[in-house]
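Please open the model in a viewer and keep the selection panel at hand.

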Amino acid sequence: MIRHICIVFTAMMVCACLWAGGAAGAETLWDSDLSEKIEILKNDPRGPFQEINWFCPDGKILPAKTPCPSGKGIQHGRLKSWVRSLEQEKGIYLDTVLAGTPQDRAWDAGTRYSRLKQYALLQYLISADDGWIFRKARFHRGAVQAEDEDKWGGLFLTQILASPQTCFKNYFLAREACRVIPHVNRNKTRLQSIRSASKAISEKDPGFMALRIKIHGQPEFRDLGMVKTYRDENEARMDAEQARRFKTLIRDLDAEYKVSPADLLDAVLARNSLKNKRFSMAVSCLKESRGALESRRFCPDETAPNPYADMADLLLKIRKELPGVPENIRLPLLDASLELERVLMMTVSNWQPETLGQLLTKNLVLAKAAAGCGYIESWEWDAFNQYQPISLEKEADFTGVRLKTEQVRRVVDWGTAMVTTVYGPEISLFSTFESKARGFSDDRIRSSILLPFGQSAGALGQAVQNISGITHMVPQGVEKGGLRGMNPGLAFGTLILVEEGKRPLEIEAKNIYLFRHIPSNLKPLSGVISVSEGNPVSHVQLLARNLGIPNAAVTPRVFGQLSALAGQKILFAVSQRGRVVIKTESQMTTEETALVTKKARSTALFTVPVDRINLDQVHPVLLSVARAKDSGRICGPKAANLGQLKFRFPAAVGEGIILPFGIFRKHMDQPMPGTAGTYWQFLTRVLTAPDQDETARIASLATLQAAIKTMPFLPGFEKELNALFKTALGDALGEVPVFIRSDTNMEDIKEFTGAGLNLTLFNIRDRQLILDGIREVWASPYSERSYLWRQKYLSNPANVFPSILLLPSVNVQRSGVIITHGILSGHPEDITVAFSRGVGGAVDGQTAESFLLTAKGEDIMTQPARETKAVRTPAQGGVVKEWVDLDTPVLSALDRQKIRELVSTVRSTLPGTPGIEGQGPFDIEMGFYNDAIRLFQVRPFMENKRAGMTNYLLRLDMGYEEPDSISLERQL
């Protein structure tokens with residue numbers, strides 16, 4: 001089992017295709033027509049505007065030279081008609097004029113505040129692309145009136161902040177609104193403009209790249225002098241456009257840094273809003289420590305005033321007190337918060353820890369600042385902060401230090417995920433016609449406190465890794481600190497780069513893939529390297545662990561470095577303790593070459609057991625009479641094990657109906673249209689024909705799938721099924737919404753889990769849809785993806801039989817997966833939990849709320865939920881997605897205690913039960929309905945033990961022994 005050592009994770013985590021409420025990695029269709037129109041607007045002197053008009057209170061729109069008779073109108077640009085039509089047709093807003101906009105359109109909960117977020121995205125594109133569609137329109141006099149925008153913005157922000165619920169539930173977005181919406185005294189950060197100008201300069205002058213990296217990664221006051229020097233030395237070879245860019249960059253750098261951080265802080269602390277008594281102590285402490293900001297190298301002892309800690313305290317204090325302060329100071333307080341973040345970003349690089357304890361302290365301070373700025377939810381900060389396995393004393397338990405280090409890295413991930421989650425839908429929308437929109441998340445993250453936090457967390461991870469003695473083996477030019485081993489295993493193949501926003505035409509099993517984010521619908525492959533590690537109990541991760549596919553997470557920086565190896569054959573190995581080896585073919589030793597060659601020749605195929613199968617059971621069976629011993633005999637393990645659970649936990653499992661293997665097999669004996677034989681004969685011929693190539697076999701299986709989906713039911717089947725619905729489920733077929741679950745005999749055998757390979761249909765109520773769904777689920781094992789997984793690993797793929805489990809829908813409030821083993825800790829007595837709001841949580845690539853429940857009684861949150869839509873199953877059938885907030889945890893402390901009690905019972909009763917494979921660990925799918933547990937599935941948790949057991953992988957971990965304790969005064 002991997003023992004995760006915290007590695008460098010910077011704050012940048014960009015995935016433009018990640019959006020809340022949809023599967024990560026979802027592809028977007030390019031709108032070439034709109035893209036062409038956007039390019040035309042960039043060179044249009046009026047940009048998106050048709051003309052300048054007066055907009056009167058009575059609704060009249062008058063020419064620019066005809067003011068409103070009342071004298072109370074506002075003047076601004078009017079959009080071209082086709083640009084306006086985008087709002088209704090596609091939900092796209094390309095208007096930077098806010099004045100006159102109704103508040104409910106700008107703060108629209110029904111669209112998840114899309115208008116506001118698109119405004120932020122517009123501001124980014126204007127900065128990043130030289131004005132974007134306003135490139136020429138910026139000089140169109142009267143198009144935007146600053147005074148009207150400031151007046152509207154102030155009223156709008158005051159109104160939305162009047163709601164304490166907004167201040168609490170939507171703190172991050174409310175603060176973002178104050179950042180981007182024009183209003184008097186707003187925080188006018190220039191970091192976005194600085195980043196955009198330096199990027200444009202380096203694209204034309206590669207010699208400026210080092211300075212660009214410095215400005216983007218560690219912005220500080222010294223940048224101004226270095227940029228001026230570079231400009232002076234290279235001015236002679238610049239054209240007018242490049243000279244203009246340097247002028248803009250120098251102007252913004254000068255404006256950003258001409259006032260000292262200490263003076264900026266004084267201005268913040270002088271705000272009337274901070275004179276409220278709730279902030280008096282925090283302000284007083286910060287005033288006392290303010291002088292230390294002038295230090296160019298700050299390294300405090302235990303008693304010295306620490307302005308960085310005091311700023312973090314005040315940031316968190318503002319957040320917590322905002323809902324309860326008078327309405328008239330809420331906007332000024334958020335402005336103060338934005339200014340504090342700016343000062344902290346400008347100065348925190350001066351804090352240069354010299355010992356491990358000081359570095360740990362700095363990270364805890366920055367985690368608090370991230371919470372204060374809204375990048376993590378308040379309850380997430382509490383969950384992180386309450387788990388304190390160490391005290392900042394001279395000597396500490398090393399395991400505690402390592403675990404806290406891992407948690408620090410995770411908080412950085414939580415913060416970056418907040419940005420991508422909130423803005424993801426708008427980025428995805430704009431990416432259909434403007435590729436530059438994909439850079440927004442990166443820019444927003446790097447313009448926040450998450451940038452120095454990520455760098456500090458990386459330094460802490462590197463320090464702890466060095467103490468552990470574990471180092472990675474990677475090609476020259478690849479940073480060793482930027483990798484983290486996930487699943488153990490060894491692979492050899494061509495490294496394929498999956499570029500952001502694109503997908504390869506075909507995943508090939510022999511290749512190793514480099515992803516920014518792992519797609520949820522993954523075909524067989526040899527290895528996975530990704531920026532985002534994903535949910536540890538998603539179907540993809542379960543398959544990877546089960547089949548010994550090595551998997552490593554990397555920083556975005558290392559992602560770029562590894563991209564240079566794309567197209568080359570590499571050795572990729574991950575040890576049990578997370579050590580990563582990446583070698584090009586020319587760097588491999590003789591032993592390694594022989595190892596991968598031998599491995600390719602000796603790969604064993606698994607066999608689906610059919611010796612016990614009973615195809616004579618040709619009538620539906622009630623779930624309540626099934627037991628685990630029936631798995632592989634009359635039905636698959638889902639139904640058999642759930643029947644066992646119903647016997648053991650009758651109140652937690654509802655009644656259901658099983659359609660055994662025999663029903664499917666009997667239906668397959670019918671004549672297949674268009675052939676000379678039966679469905680079964682066609683299937684057998686396709687899967688056993690030795691001379692049929694893969695492409696032809698897949699095409700034949702597609703024909704079989706289509707035929708099964710229209711296969712007639714045998715006489716009496718529908719009548720018998722309807723009778724069972726009435727007696728067992730309480731009403732006729734078509735009146736009870738059900739889940740239709742595939743349950744094959746190939747799932748959850750000792751060597752192969754098969755998780756997620758076949759079809760489940762959600763909440764089907766209509767009679768005909770249920771009948772069609774049964775045929776569709778019967779056909780699903782013959783899909784290309786399911787077949788490829790089986791054919792790669794099974795010796796007898798023709799002996800796969802589907803049964804079906806019909807379960808009445810339960811509209812659970814939260815659902816997920818439990819593994820009765822500590823996946824992240826490696827301890828068999830720990831419990832891994834991943835839950836989402838709504839139905840079907842945690843198993844489809846969702847960013848689920850994940851916990852490690854330790855045997856010591858600690859509940860360690862490893863990842864908060866970042867899904868802003870939950871699946872619900874209404875009584876009329878079908879599924880709907882509802883917006884949900886993230887301001888509270890998915891699982892309460894009482895929920896987690898109930899999970900502990902359930903696991904204790906499962907561990908004591910299931911091992912040894914006839915038909916239950918092994919002694920555990922177990923994989924349990926369940927939900928909470930009105931706070932009561934509802935069980936949906938239990939199966940053995942399959943993990944390929946051979947993946948990390950080769951001598952080669954074992955030797956990678958030899959010689960690394962963690963110390964029992966570590967001095968926090970240890971020098972870095």
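At what angle do helix α1 (residues 32-42) and helix α2 (residues 81-90) pack, and how far apart are their axes? Select both helices: they pack at an angle of about 135°, and their axes are 12 Å apart. Axes here are lines fitted to C-alpha atoms, for helices over the stretch in contact, and angles run from 0 to 180 degrees between N-to-C directions. Helices (H or I, at least four residues) and strands (E, at least two) are DSSP runs, numbered from the N terminus.

Before continuing, note that this is a predicted model, in which local features need pLDDT of at least 70 and side-chain atom pairs count only at pLDDT 80 or more, while totals for chains, interfaces and linings use all residues. Residues are numbered from 1 along each chain as its sequence is written, and side-chain values use heavy atoms, with hydrogens and water left out.

**The α1 and α2 pair**

The two helices α1 and α2 are therefore oblique to each other; angles under 35 degrees count as roughly parallel, over 145 as roughly antiparallel, 65 to 115 as roughly perpendicular and the rest as oblique. The crossing of α1 and α2 is left-handed, a term used if the near helix is turned anticlockwise from the far one by less than a right angle, and right-handed if clockwise. Display the side chains next: Leu34, Lys37 and Leu41 of α1 meet Trp82, Val83 and Leu86 of α2, where contact means heavy atoms within 4.5 Å.

**The cysteines**

Now select Cys56 and Cys68. These residues form a disulfide, with their sulfur atoms 2.0 Å apart; the criterion is a pair of cysteine sulfur atoms within 2.5 Å. The pair links distant parts of the chain, 12 residues apart: Cys56 is in the loop between β1 (49-55) and β2 (61-63), and Cys68 in the loop between β2 and β3 (74-79). The link of Cys56 and Cys68 is left-handed, with -95° about the S-S bond. Both Cys56 and Cys68 are buried, where buried means under 20% relative accessible area, exposed over 50%, and partly exposed in between (1.4 Å probe, protein chains only). A search of the whole structure finds 1 disulfide.

Move to Cys178, whose sulfur is 8.9 Å from the closest cysteine sulfur, in Cys167, too far for a bond. Cys178 counts as buried because its relative accessibility is 0%, and Cys167 counts as buried at 2%.

**Backbone exceptions**

Most residues other than glycine have a negative phi, and most peptide bonds are trans. Select Trp132, in the loop between α4 (114-128) and α5 (146-161): its phi is positive, near 50°. Trp132 is buried, with a relative accessible area of 0%.

Is Asn930 buried or exposed? Select Asn930 in the loop between β23 and β24; Asn930 is exposed, with a relative accessible area of 55%. Its phi is positive, about 50°, although Asn930 is not a glycine.

Then go to Pro921, in the loop between α31 (893-909) and β23 (922-929). The peptide bond from Gly920 to Pro921 is cis, with omega near 5°.

**Helix α24**

Of its 12 residues, 10 are buried, including Pro637, Leu642 and Lys646. What covers the buried residues of α24 includes β13 (657-659), β14 (738-744), β16 (802-808) and β24 (932-940).
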